[in-house]
Amino acid sequence: MNKLNLSPSYKKTSLTRTILMALLVIGVGFAVYAYNFVIILKSEVPGLVYGETTSSGGNYTWHTLKYYYTFNSVTYFDEVDYMGENELHVSDSLTIRVLKPYPQKHTIQTIYRTPKNPESYNAEAFFETQYHMHINKLSDYSASAKDTLITPNENKLIYPVNAADKLIQATIASIDAIRFNRGSLIDFFILKNTPDTVYLHPVYFYLDQYSVDAHPSLAIHKHLKQLIANKHIHLSILDKNNAKHERILKPLYN
């Protein structure tokens, strides 16, 4: 049997063809992965830098910029801690790329800044603080006959046993429509209602310059008002350790 002798040029051409085919297969595979990861698994959504907190200790001053973004009708709240300078300013609009299966995972893609001076943010300006002499414990804000449930987003809600199912479901949808990427300071929510008013109280573990933040409450209020349009919404935040102080939200819409 005769042995077939291949010329060196043929061998080189064949090897080159094999390498090119392998590179083509790798390229197609990478393109499919990139398409699925960037187009299918990721999405670009709007965001806003809405507030800043400044703290000092010793010779150091550090800042916390607060921002939020919305994906699939849920508002996510996050923040950036820094010392010195930061590229973000209060009132900056943002384009944020989120990972669809886990929207808390995100990156800031684009910053849009208007030429006007950055707006200051004072959370206290959104609240009216009242001191109640007659209230001694948090249960004074709830109905006498009440029950407790855990929402799909693992929020604890205390509600009246005679509350309409529509109201309960609207409240669940509203408090689950916000997420805190760095962990929530809200321990539980208290719901109470009268024929013309819905009372909703987020109860915080503690209240200070970091936790007294109006935008989560504004987002809850807006969502609940859309679902229960025929009632006045009274939303106020409470301190778990001091029931006498009630910070009542002054909503932008009612």
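**Entry 1: ground rules.** I call it a salt bridge when a side-chain nitrogen of Lys or Arg lies within 4 Å of a carboxyl oxygen of Asp or Glu. Side chains of opposite charge can pair when their charged atoms come close. My model is predicted, so local features need pLDDT of at least 70 and side-chain atom pairs count only at pLDDT 80 or more, while totals for chains, interfaces and linings use all residues. Residues are numbered from 1 along each chain as its sequence is written, and side-chain values use heavy atoms, with hydrogens and water left out.

**Entry 2: salt bridges.** How many salt bridges does a search of the whole structure find? I get seven.

I started with Asp213 and Lys66, whose side chains meet in a salt bridge at 3.6 Å, N to O. This pair links distant parts of the chain: Asp213 sits in the loop between β11 and α3, Lys66 is in strand β2 (residues 60-71), and 147 residues separate them. For my own reference, helices (H or I, at least four residues) and strands (E, at least two) are DSSP runs, numbered from the N terminus.

Are these two buried or exposed? Buried means under 20% relative accessible area, exposed means over 50%, and partly exposed is in between (1.4 Å probe, protein chains only). Asp213 counts as buried because its relative accessibility is 7%. Lys66 is buried too, with a relative accessible area of 3%.

Next I looked at Asp92 and Arg113, where the closest N and O atoms of the salt bridge are 2.6 Å apart. Here Asp92 is in the loop between β3 (74-82) and β4 (93-99), and Arg113 is in the loop between β5 (102-112) and β6 (127-131), 21 residues apart. Asp92 is buried at 1% relative accessibility, whereas Arg113, at 44%, is partly exposed.

Asp140 and Lys137 form another salt bridge, 3.4 Å from N to O. Asp140 is partly exposed at 31%, and Lys137 is partly exposed at 48%. I also noted a network of salt bridges that links Asp78, Asp81 and Arg182.

**Entry 3: helix α3.** What caps the N-terminal end of α3? Asp213 again: one of its side-chain oxygens lies 3.5 Å from the backbone nitrogen of His215.

Then I checked the helix span, which is expected to be 1.5 Å times one less than the number of residues. With 14 residues, α3 should span 20 Å, and its end C-alpha atoms are 20 Å apart, so the two agree. Buried residues in α3 include Ala214, Leu218, Ile220 and Leu224.

**Entry 4: Val212.** I found Val212 in the loop between β11 (197-204) and α3 (214-227). Val212 counts as buried because its relative accessibility is 4%. Contact, for me, means heavy atoms within 4.5 Å. Not counting residues up to four places away in sequence, Val212 touches Ala123, Glu124, Phe127, Leu207 and Arg247. Val212 and Phe127 are 85 residues apart in sequence, yet 9.3 Å apart in space, C-alpha to C-alpha.

**Entry 5: Asn193.** Where is Asn193 found? I located Asn193 in strand β10 (residues 186-193). Asn193 is partly exposed, with a relative accessible area of 25%. Leaving aside neighbours within four places in sequence, Asn193 is in contact with Pro160, Ala163, Leu167, Val198 and Lys231. Between Asn193 and Ala163 I get 30 residues in sequence and 7.5 Å in space, C-alpha to C-alpha.

Notes: A polar contact is a pair of N or O atoms within 3.5 Å; within protein, one must be able to donate a hydrogen and the other to accept it, and residues adjacent in sequence count only if both atoms are side-chain atoms.
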